[in-house]
Amino acid sequence: MRKKLVFTAMLAAGGLAVSLLAADPAMAAEEGHALPWGDFAWRVVNIVVFVAILWHFVGKLCVNYFRGRRQGIRDGIDDLTARREKAQENLAEIEKRIANLEEEREAILAESKAQAEALKEDIIAKARVQAEQIVAMARVSAESEAQSMLQQMRATIADELIDATQKHLEKSLNKSKHEKLIENSLKKVVLQ
């Protein structure tokens with residue numbers, strides 16, 4: 001197909017060259033001059049050779065340039081198509097995430113509430129254990145202090161009772177009663 005196109009282009013260029021060259025001798029013939037066919041043939045051959053050389057060196061470059069350009073355009077279109085498809089996928093994913101945003105927010109809130117509730121229950125449980133330990137320690141301390149105070153009070157009462165009894169006995173007993181009491185005590189101890 002390309003060769004036909006090239007051949008057609010060469011024929012068109014040759015035809016154009018021939019018609020241009022033929023115009024000058026036709027004008028010269030009207031004025032009464034004879035047509036120089038030898039000069040005309042050399043001009044046609046010169047143009048054909050020039051076009052062939054030009055096509056040989058520049059034609060391949062032009063064809064390669066346009067092929068490369070065509071391939072570059074195809075690659076660009078393919079790249080743009082791929083990028084557009086990827087952008088549409090990204091858009092669909094973002095729209096899906098936006099649609100699920102409310103559900104994600106609700107899930108995050110529910111999870112946060114559950115964690116906060118678990119943390120609250122843990123803190124309350126630890127506080128109860130500590131309160132029970134403090135109450136138990138306070139009971140032990142209070143009982144210990146009560147026992148200590150009770151012993152101290154008994155010792156104080158015993159000391160006061162002994163002092164009071166001693167004073168009472170000293171007042172109520174005279175020497176004769178004292179001796180009589182000692183004798184009665186000794187008799188009971190010896191008799192028993």
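Q: Before we look at side chains, what does "exposed" mean here?
A: A residue is exposed when its relative accessible area is over 50%, buried when that area is under 20%, and partly exposed in between. Keep in mind that this is a predicted model.

Q: Great. So where does Arg83 fall, buried or exposed?
A: Arg83 is exposed, because its relative accessible area is 54%, and the cut-off for that class is over 50%.

Q: Which side chain does Arg83 meet in a salt bridge?
A: That would be Asp79, with 3.9 Å from N to O. Asp79 is partly exposed, at a relative accessible area of 40%.

Q: And where do Arg83 and Asp79 sit?
A: Both are in helix 2, which covers residues 37–99. They are 4 residues apart, or about one turn of the helix.

Q: Why would side chains like that pair up at all?
A: Opposite charges can pair when the charged atoms come close.

Q: Switching topic: how many salt bridges does the structure hold?
A: There are 5. Among them is one between Glu102 and Arg105, at 2.6 Å from N to O.

Q: Which helix are Glu102 and Arg105 in?
A: Helix 3, residues 101–172, where the two lie 3 residues apart, about one turn. Glu102 is partly exposed at 43% relative accessible area, and Arg105 is partly exposed at 41%.

Q: What about Glu106, which side chain does it meet in a salt bridge?
A: Arg105, at 3.1 Å from N to O. Glu106 is partly exposed, with 41% relative accessibility. Through shared partners, the salt bridges link Glu102, Arg105 and Glu106 into one network.

How values were computed
Residues numbered from 1 in each chain as written. Predicted model: local features only at pLDDT ≥ 70, side-chain atom pairs only at ≥ 80, totals over all residues. Heavy atoms only, no water. Salt bridge = Lys/Arg side-chain N within 4 Å of Asp/Glu carboxyl O. Buried < 20%, exposed > 50% of the residue type's maximum accessible area, 1.4 Å probe, protein only.
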